[in-house]
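Here are some notes to read alongside the structure. Please keep the 3D view open as you go through the points.

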Amino acid sequence: MTPAVDLPPSRALLPALALWVGLAALLPLVASLPPGHRVAPYLALHLALTALAFALSRLVRSAADLRPLFAGALLTRLVNLGTPAFTTTDPARYLWDGAVALAGRDPYALPPLAAELTALRARFPSALDHLDVATCYPPLALALFALAAAAGPSLAMLAWKSLVALGSLLTGAAATRAAPVATVALLLASPTLMLESMVGAHLDAFIALALAAALALALRHRWNAAALSLGAAIALKYVPAWALLAFALRAPRKALFVALALAPLALSFAVAHALHLTPPGSLPNVAANWNFAAPLWSALYARFPTDDDTLRPALALAGVLVTIALSLRSGPLARNVRDALLVQLAVSPVAYPWYGMS
């Protein structure tokens, strides 16, 4: 057999990489525009970064080419650490919930407008919307929020965005153990991963990391570690439980895999209740009433506007049945996991852009 050799780097790689970093560096300028004037330049940047991401995935030829790509990805994160989260209000809510927990109060029971939180509102920036709704994030996510909020009101956002930046970079690092270099390049350069982590600063960056790690570990037959990694994703946002079946069907010890994958959520709930917190908080209300930009749900609701109490469970049941069928397929595990998460996104009444990070 002829030994494998690294291909010489493409001459176009570094110029394309420089252009990608340069475009990412324009995001603070977009954020500085007045409200109502950001949409067109933001979408234009998103499209340009998407085209460059595909170009970079074609230009990367070997693992050695990933080193400058990781350096470029780090630069895109650094230049956007101070970019305001102008596409969402979620990070402000994350930090507020963390501050409430640090103050010894229960964010699962007290919405931001609660009278008991008057003193906290005077010293820590409050959430920006849904002020009458208590939190619905799982306890492990709340622990991350509290970690960032512990930096104080002036540094909490920087601390949070630094954590998210690290998570989004580590997602690419996890993928290097499980995917071709072109796929890793596309993942690192993906504007969805970069913009929704460094502008939106969304919790979903950690979900993507945990799922990438779970896949990498499973492909190396480290099933117990893969289960715990998937369990961390579930304990951070519940939704990755939709991929549990796809993983468990491939695990050699299926019952053990499921038990380990649910252990982080169970343990985090137990700790939360020991601290006198009351998760899941507003989750039942959110699941029953929240909706946003979901094409399938919107189309059905437009046709059956009085049947939402039936639509939601029917969509969920249909999604579960399709997911079971997809998870039973032979072939790549990553494909089955991806398709399971796509089905969940399709049947959900809520479809924010960052939900696609996973």
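1. Start at Arg 177. Leaving aside residues up to four places away in sequence, Arg 177 touches Ala 216 and Arg 220. This is a predicted model, so treat every contact below as a prediction. Arg 177 sits in the loop between helix H8 (156-175) and helix H9 (181-189). Its C-alpha atom is 8.7 Å from that of Leu 219, although 42 residues separate the two along the chain.

2. Is Arg 177 buried or exposed? Arg 177 counts as exposed, because its relative accessibility is 52% and the cut-off for exposed is over 50%.

3. H8 has 20 residues, which at 1.5 Å a residue should span 28 Å.

4. Much of the interest in H8 is in its buried residues. Among them are Ala 156, Trp 160, Val 164, Gly 167, Ser 168, Thr 171 and Ala 175. In an α-helix, residues three or four places apart point the same way, because there are 3.6 residues a turn. What covers the buried residues of H8? The cover includes helix H4 (66-79), helix H5 (90-102), helix H7 (139-149), H9, helix H10 (191-198) and helix H11 (204-219).

5. Now the aromatic rings. The whole structure holds 14 aromatic pairs. One of them joins Tyr 94 and Tyr 137 edge-to-face, with 5.3 Å centre to centre and 80° between the planes. Tyr 94 lies in helix H5 and Tyr 137 in the loop between helix H6 (118-123) and H7, so the pair ties together parts 43 residues apart in sequence. Both Tyr 94 and Tyr 137 are buried.

6. Trp 160 and Phe 206 also pair, in a tilted arrangement: 5.6 Å centre to centre, 55° between the planes. This pair links helix H8, which holds Trp 160, to helix H11, which holds Phe 206, 46 residues apart. Trp 160 is buried at a relative accessible area of 0%. Phe 206 is buried too, at 12%. Tyr 94, Tyr 137, Phe 145, Trp 160 and Phe 206 form one aromatic cluster.

7. Leu 245, Leu 317, Val 320, Leu 321, Ile 324 and Leu 328 make a nonpolar patch of about 530 Å². Which helix gives the most to the nonpolar patch? Helix H17 (residues 308-327) does, with four residues. Val 320 is in helix H17. With a relative accessible area of 35%, Val 320 is partly exposed.

Note on methods:
Residues are numbered from 1 along each chain as its sequence is written. This is a predicted model: local features need pLDDT of at least 70, side-chain atom pairs count only at pLDDT 80 or more; totals for chains, interfaces and linings use all residues. Side-chain values use heavy atoms; hydrogens and water are left out. Helices (H or I, at least four residues) and strands (E, at least two) are DSSP runs, numbered from the N terminus. Buried means under 20% relative accessible area, exposed over 50%, partly exposed in between (1.4 Å probe, protein chains only). Contact means heavy atoms within 4.5 Å. The expected span of a helix is 1.5 Å times one less than its number of residues. Patches are made of residues with over 30% relative accessible area and no salt bridge: like charges are joined within 9 Å, nonpolar side chains (Val, Leu, Ile, Met, Phe, Trp, Tyr) within 5 Å. Accessible areas come from the Shrake-Rupley method with a 1.4 Å probe; for residues, only the protein chains shown count as cover. A salt bridge is a side-chain nitrogen of Lys or Arg within 4 Å of a carboxyl oxygen of Asp or Glu. Rings of Phe, Tyr and Trp (its six-membered ring) pair if their centres lie within 6.5 Å; planes under 30 degrees apart count as stacked, over 60 as edge-to-face and the rest as tilted.
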